[in-house]
Amino acid sequence: MKNKYDILIIGGVAAGTSAAASALRENPSLNVAIFQKEPYISYGGCGLPYVLNGKVKEVDDLFAFTSEKFQEKKGAEVYTNYETIDVDFEQKYVLVKGNMDRRKIFYDKLIISTGASPIIPKFDVWGQEGIFKMRNPSDDEEILKFIEKNKPSHATIIGGGFIGVEVAEVLIESGIKVTLIEAKENILGDIEPEIHDEFSEYMIKNGVDLKTESMVENILKKERFIVKTEKESIETDMIIISIGVKPNTDFLLNKNVNMLKNKAIIVDNYMRTNIEDVYAAGDCATAYNILSGEDEYIPLGTTSNKQGKLAGKNAVKGNVEEFKGVIGSLITKFLNMEYAKTGLTYEKAKELDYNVGSVYIKAKARAGYYENAGNISFKMIFDRSTGKILGGHFAGKEIHSRVNIIVSLIYSCGTVQELYNMDLPYSPPFSPVWDITLIAASKAMKKVK
């Protein structure tokens, strides 16, 4: 371990490893090091739920690189089990501790990619066997061991975001009854009401005891866990908490780093912070939203990788490439029901003073006479003055390619007229003659003034 590095990176999952690899592609002679709090780096966090039902065979399959392999293939030094506890931007060093060691490491350029941690309410039972979070590979290992040992018949998931829904799926498939508790009116965050109703009804129909607008007040442990809400008490064998994440930036408090209220580091389109020679990327940082024009906190793996790559390149080359921004594209599923969104919701578009309009369409994913022609629901948000497409929200079957059409049009400032005129391919196994996106465009055109 050196006393000083050309580029020092704090955090080494998606953004940190991308930053290191990018920096060394630009200049292989640089001294680059990653200091990572966890014992592992470079893993696919989005695949964690699917280890529980065997869709991902082993936890180890989630790892792209071990520390040793990353150092061998990419050239950066990697130090795991090292936590950054302080930073001095004037003297340009970070203070790290780990492995019975505590030392200052100096830098020329610093990239902060410390990620985020699950929000865990102060329940007295936290830390006892049977109550878990879902954030890193060790969480999967603990849950799998518990299920194998205890054979639980019922699980309660607290939090109805993407992780909560995905964990509900894998537990239901594993034969475990599931109660999912969400404090807000909707699961899956900012979701259009028509799409929410369809998705939640499908979950209930397929075995999930879904409780929205229900706040967990406390959890007790007797023979089983007792989850107390303001409405009822629920007995359960195991609990998974997935109510959201918070940026790992506490070590930067009172350091004059510009942050959002939730402590996400504000970065510009070059991934620069307001501190000279300091960049940030990934789940600890903001992302520029093209449609709202605001720096927002949208922690996603795709964004982390892109931001990390740019942070590494710009730290070496001197701010030569910009991050183009995000529009909040998301996709998930529960059993055979898929859900995807991109862009703005109707209400957010109203807040931003668009002359907002919408159409809601239900249609078949394939030609109606073709086998397994599943259903799709699609709500499209657009500006009635210009026809500009602002958002798309889908539920049903085979929606991935359709949401990608809407993503492309939003990035190119496309209109409903341009969508209608698109020469989309047709064949009965893939779509009806009139794809649902074209039907929506046709109806939207009638509302554009």
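Okay, let's start on the surface: E58, D60, D61, E141 and E142 come together there as a patch of negative charge. Of those, E58 sits in the loop between β2 (32-36) and α2. Keep in mind that this is a predicted model.

There's a positive patch on the surface too, made up of R25, K73, K74 and K309. K74 belongs to helix α2, residues 67-74, and with 34% relative accessibility K74 counts as partly exposed.

Now, salt bridges. Searching the whole structure turns up 26 of them. Take D86 and K255, whose side chains meet at 2.9 Å, N to O. D86 is in strand β4 (residues 83-88) and K255 is in the loop between β16 (245-247) and β17 (278-280), so this pair ties together parts 169 residues apart in sequence. D86 is partly exposed at 27%, and K255 is partly exposed at 24%.

Next up, E169 and K333 form a salt bridge at 2.6 Å, N to O. Buried or exposed, what is E169? Buried, because its relative accessible area is 1%. K333, on the other hand, is partly exposed at 28%.

We also get a network of salt bridges linking E192, E194 and K379.

Last stop, helix α10, residues 436-445: its buried residues are I436, T437, L438, A440, A441 and A444. And what do they pack against? That would be strands β22 (356-364), β23 (375-383) and β24 (389-396), plus helices α8 (400-411) and α9 (416-420).

Note on methods: Residues are numbered from 1 along each chain as its sequence is written. This is a predicted model: local features need pLDDT of at least 70, side-chain atom pairs count only at pLDDT 80 or more; totals for chains, interfaces and linings use all residues. Side-chain values use heavy atoms; hydrogens and water are left out. Buried means under 20% relative accessible area, exposed over 50%, partly exposed in between (1.4 Å probe, protein chains only). Helices (H or I, at least four residues) and strands (E, at least two) are DSSP runs, numbered from the N terminus. Contact means heavy atoms within 4.5 Å. Patches are made of residues with over 30% relative accessible area and no salt bridge: like charges are joined within 9 Å, nonpolar side chains (Val, Leu, Ile, Met, Phe, Trp, Tyr) within 5 Å. Accessible areas come from the Shrake-Rupley method with a 1.4 Å probe; for residues, only the protein chains shown count as cover. A salt bridge is a side-chain nitrogen of Lys or Arg within 4 Å of a carboxyl oxygen of Asp or Glu. Lys and Arg count as positive and Asp and Glu as negative; His and the chain ends are not counted. The place of a charge is taken as NZ of Lys, CZ of Arg, CG of Asp or CD of Glu.
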